[in-house]
Amino acid sequence: MKPTALILGLAATLAAAGCAQFDQAMAPPPPSALSQPIQASEIEWSKRSGSNTVSGIATMKAGDTTHTCAGQGANLVPDSAYARARMTAIFGNDTRGTRASSQGPVKFDRDDPLYVSSLRRTTCDASGSFSFPRVPDGVWYVTTAVKWDGPGDRAEGGSMMKRVDVRGGKLMKVTLP
């Protein structure tokens, strides 16, 4: 093969490969679980009443002071692809995490209405305890926040999450963070 033909063949191959990479770079990203609606069948189990109880306490230390989630909302979120993607977006994973108040909230375009309606909600009591009775078997996310005003009225503390798997009519005790 002549050197000129070899060079032209190689150039054509590289150009085609470059176009393929350009096409991939310009292609829209695959849809994330946050952009897909929750399938009702994925969380139907969570609407039932169960024999488990999820209770816990949420605290954070700042120096010698222990702050609690007193007065803050606590949520029990049923596991779904959407919930996993949301927890990962907020906490960096879908197992356990905290997000400092100084980082600010993670903004979402719009929450799936089925996600919002599937939340079980309560309020942390004066000691920072919360409880969810009659929880059906399954995987859930427990979320709450411990917040206080720091120096210069700066928000301190943060949000926290833990994934739990409850089964068999048990009392699941959760300590956050």
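Predicted model: local features only at pLDDT ≥ 70, side-chain atom pairs only at ≥ 80, totals over all residues.
Visitor: What is a disulfide?

Guide: A disulfide is a covalent bond between the sulfur atoms of two cysteines.

Visitor: How many disulfides does the count give here?

Guide: The count is one disulfide. Cys-69 and Cys-124 form it, with their sulfur atoms 2.1 Å apart. The cut-off is 2.5 Å, so the pair qualifies.

Visitor: Which hand does the link of Cys-69 and Cys-124 have?

Guide: It is left-handed, with -100° about the S-S bond.

Visitor: Where do Cys-69 and Cys-124 lie?

Guide: Cys-69 is in the loop between β2 (65-68) and β3 (73-78). Cys-124 is in the loop between β5 (120-123) and β6 (129-135). The pair therefore ties together parts that are 55 residues apart in sequence.

Visitor: Is Cys-69 buried or exposed? And what about Cys-124?

Guide: Buried means under 20% relative accessible area. Cys-69 has 0%, so it is buried. Cys-124 has 4%, so it is buried too.

Visitor: Now the rings. How many aromatic pairs does the structure hold?

Guide: Three aromatic pairs. Among them is Tyr-82 with Tyr-115.

Visitor: Why is the pair of Tyr-82 and Tyr-115 called tilted?

Guide: Read the angle between the planes. Under 30 degrees is stacked, over 60 is edge-to-face, and the rest is tilted. Here the planes are at 50°, so the pair is tilted. The ring centres are 5.2 Å apart.

Visitor: Which parts does this pair tie together?

Guide: Tyr-82 lies in helix α3 (residues 81-91) and Tyr-115 in helix α4 (residues 113-118). So the pair ties together parts that are 33 residues apart in sequence.

Visitor: Is Tyr-82 buried or exposed? And Tyr-115?

Guide: Tyr-82 counts as buried, at 2% relative accessibility. Tyr-115 is buried at 6%.

Notes. Residues numbered from 1 in each chain as written. Heavy atoms only, no water. Phe/Tyr/Trp six-rings, centres within 6.5 Å; stacked < 30°, edge-to-face > 60°. Helix = DSSP H or I, 4+ residues; strand = E, 2+ residues; numbered from the N terminus. Buried < 20%, exposed > 50% of the residue type's maximum accessible area, 1.4 Å probe, protein only.
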